[in-house]
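Please look at the chain below together with these short notes.

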Amino acid sequence: MRFGVVRGVLFDIDDTLVDLEYSMTTALREVSEHLLPGLDQAGWERFGRIFTHETTHYYDRYLAGEITFNEQRLLRGRAALGHFGVDLSDGEESHQWLTAYMEKQPAYVKPFPDVAPLLDALDRAGIPYGAVSNNVHDYQRAKLDGAGLERVKHLVGTDTLGVAKPDPAIYLEGVRLLGTSPAETLYVGDNRLLDAEGSTAAGLAGVWLNRAGEVVEGFDGTAVSTLADLLPLFLR
């Protein structure tokens, strides 16, 4: 892993700084157990995967402005429940399910264990950092603060400029906030296309945080399995 001079670092948030998948699947099980009595652990894992990985096209529709954030949540929940033969009907039942999920999910959002050591190293080295996210600013600000990551001061959301990743402008706005240049700024995220390749195309030094060890043929960019792999860049 070789970089030139690094004067700033930008991060994705969800499943990069915070374990969003854990928070979603834990809350989903809590609010759905009464609808799926007797579902075994393998079933709950399948349920969670449908919601978190197999229905992301609904999130794409949200980013495109076709549906609201909570509508995409409900559609994903219906798809996951529907896989197990449960029809979450319109009206009060859907409202109660969605409200319960909205109330419980934020409490389970926690940072990954490798986040604090890296931020500590950046603080000691005097290197500015921030986050660029494919969700709106205030929602992500509350998420970071709730997870104890108030020190991530600089934040760009999809409503900051009205564009989402991989539009180059959203990464470059993060660079502007840091006061660095694109070539001297790392961008680290768990999504290979939106984070590593998208930021690289915008002129930043993109890094794919591949926590799951996914093998992708033809990817010739920089990948790490944990944020700890970046520590040697900033230890002085």
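1. Where does the largest pocket lie? In this predicted model, the pocket lies between domain 1 (8-17 + 112-233) and domain 2 (20-108), because both domains give residues to its lining.

2. The space in this largest pocket comes to about 1,200 Å³. Its lining is made up of 39 residues, and those closest to the pocket centre are D15, T52, T56, D190 and N191.

3. Several elements give two or more residues each to the lining of the largest pocket. The helices are helix 1 (20-32), helix 2 (41-52), helix 3 (56-63), helix 4 (69-83), helix 7 (137-146) and helix 10 (192-201). Strand 5 (205-209) is also on this list.

4. Now the two domains themselves. The chain is divided into domain 1, which is written as two stretches, 8-17 and 112-233, and domain 2, which covers 20-108. Between the C-alpha centres of the two domains the distance is 26 Å.

5. How many residues are in contact across the two domains? Nine residues of domain 1 touch eight residues of domain 2, counting heavy atoms within 4.5 Å as contact. The area buried between domain 1 and domain 2 is about 630 Å², with 45% of it on carbon and sulfur atoms. Salt bridges between domain 1 and domain 2 number zero.

Conventions: Residues numbered from 1 in each chain as written. Predicted model: local features only at pLDDT ≥ 70, side-chain atom pairs only at ≥ 80, totals over all residues. Heavy atoms only, no water. 1 Å grid on protein atoms, 1.4 Å probe; cavity = no way out; pocket = protein on both sides within 12 Å on 5 of 7 lines; lining within 4 Å. Points joined across faces, edges and corners; volume = space filled by probe spheres on them. Helix = DSSP H or I, 4+ residues; strand = E, 2+ residues; numbered from the N terminus. Domains from an automatic or database assignment. Buried area = accessible area lost by both parts, 1.4 Å probe. Salt bridge = Lys/Arg side-chain N within 4 Å of Asp/Glu carboxyl O.
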